[in-house]
Amino acid sequence: MLQRYWFGDVDEEGCRAAGTDPAALAERAATLRTGMDSFVPIDWEVARDCGVVRTRAEYVDLLRSVCTTLARKKIAQSYQGRDVELLQMVRMLDELDNVINLLQERAAEWYQVTNPSFSRKYRSLPAKKMLGIIRKGARGGLSDVADEIDRLAGTRSRLMREVSARADEVMPNTSALIGGLVAARLLSKAGGLPALARMPGSTIQVIGSERALFSHLRGGTPPPKHGIIFQHRRVHNAPRPVRGRVARVLAAKLAIAARLDYYRGEAVPEFLKDAQARIDEAGVEA
């Protein structure tokens, strides 16, 4: 029986070496597909008898080079994915949100020290209005911090538009159903387009509701009906009695949309028309 290994082929007649070039051997190793029921473990001595190496140390060094070459090739391929840049853009957007929120809280607490009357009402104000009040009354370092927060908010707005536009390119079907920004956040939580395309609708429906899900599993609280997709108007504007149904139908269509985005990479008008109609039907109260 012929056994194919990374360094050559072995059968009853002997061994035929595949050479000693790590790049060529890495390409060979990437093509090997052997079922464990027919796999026969082999000792390094076979590679020596095949003329590939002379010592065990040489065998280990060559194998390490082959594995390193193969790993570098796979990493390079992963960075060439259409969704890789979008994934980093979304994560940067999330970090900007965290930084801006934290700085706003610290700025408000600092402003309270010199304006005690502000403490009772600032938390109920919109963030932009609160920052405007601080900028008018602050001096010195606090004024500089307020200006920096304002600049970061502008950067965030521009990045948000870029994320939405990029999502329209990378995930045309998913973005058409829920908008570019929400689609990009789904992608980020899933870990990439390939992972999202493998998820069933039931998983997509609750992506982003991990805390509520864990609470349900540990404490018996009601299970979550939706996660990130709640941000989309189709879900949060739906009447409460049918909101869960809308989320379920939307998630099922998103699962198909993600697969279309991954395998086709272009919008499918027929699917989108049918999906929009099904989602609209789900939002109608009985």
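Ala 26 lies in helix H1, which spans residues 22-31; helices (H or I, at least four residues) and strands (E, at least two) are DSSP runs numbered from the N terminus. The structure is a predicted model, in which local features need pLDDT of at least 70 and side-chain atom pairs count only at pLDDT 80 or more, while totals for chains, interfaces and linings use all residues. Residues are numbered from 1 along each chain as its sequence is written, and side-chain values use heavy atoms, with hydrogens and water left out.

**Surroundings of Ala 26**

- At 5% relative accessibility, Ala 26 counts as buried; buried means under 20% relative accessible area, exposed over 50% and partly exposed in between, with a 1.4 Å probe and protein chains only.
- Not counting residues up to four places away in sequence, Ala 26 touches Val 66, Thr 69 and Leu 70, where contact means heavy atoms within 4.5 Å.
- The C-alpha atoms of Ala 26 and Cys 67 are separated by 6.9 Å, although these residues are 41 residues apart along the chain.

**Cysteines**

- The structure holds one disulfide, a term that denotes a pair of cysteine sulfur atoms within 2.5 Å.
- This disulfide joins Cys 15 to Cys 50, with an S to S distance of 1.9 Å.
- The link of Cys 15 and Cys 50 is left-handed, with -80° about the S-S bond.
- Cys 15 lies in strand E3 (residues 14-17) and Cys 50 in the loop between helix H2 (44-49) and helix H3 (56-79), so the pair ties together parts that are 35 residues apart in sequence.
- The two partners fall into separate accessibility classes: Cys 15 is partly exposed, with a relative accessible area of 27%, whereas Cys 50 counts as buried at 12%.
- Cys 67 counts as partly exposed, at 45% relative accessibility.

**Helices H13 and H14**

- The axes of helix H13 (residues 240-263) and helix H14 (residues 269-282) come within 8 Å and cross at roughly 170°; axes are lines fitted to C-alpha atoms, for helices over the stretch in contact, and angles run from 0 to 180 degrees between N-to-C directions.
- H13 and H14 are therefore roughly antiparallel to each other; angles under 35 degrees count as roughly parallel, over 145 as roughly antiparallel, 65 to 115 as roughly perpendicular and the rest as oblique.
- H13 passes H14 in a right-handed crossing; a crossing is left-handed if the near helix is turned anticlockwise from the far one by less than a right angle, and right-handed if clockwise.
- Residues of H13 in this contact include Val 242, Arg 245, Val 249 and Lys 253, and those of H14 include Phe 271, Asp 274, Arg 278 and Ile 279.
- The residues of the contact of H13 with H14 divide into eleven nonpolar, no polar and four charged; Ala, Val, Leu, Ile, Met, Phe, Trp, Tyr, Cys and Pro count as nonpolar, Asp, Glu, Lys and Arg as charged, and the others, Gly among them, as polar.

- Helix H4 (residues 84-114) and helix H6 (residues 141-170) pack at about 155°, their axes being 9 Å apart.
- H4 and H6 are therefore roughly antiparallel to each other, and H4 passes H6 in a left-handed crossing.
- The contact of H4 with H6 comprises 22 nonpolar, three polar and five charged residues.
- H4 and H8 pack at an angle of about 100°, with axes 9 Å apart, and are therefore roughly perpendicular to each other.
- Among the residues making the contact of H4 with H8 are Leu 86, Val 90, Arg 91 and Asp 94 of H4 and Leu 181, Arg 185 and Ser 188 of H8.
- Seven nonpolar residues, one polar and four charged make up the contact of H4 with H8.

**Further residues**

- Thr 174, in helix H7 (residues 172-178), counts as buried at 1% relative accessibility.
- Leaving aside neighbours within four places in sequence, Thr 174 is in contact with Gly 179, Ala 183, Leu 254, Ala 257, Ala 258 and Asp 261.
- Gly 179 is found in the loop between H7 and helix H8 (180-190) and is partly exposed, with a relative accessible area of 26%.
- Ala 153, in helix H6, is partly exposed at 29% relative accessible area.
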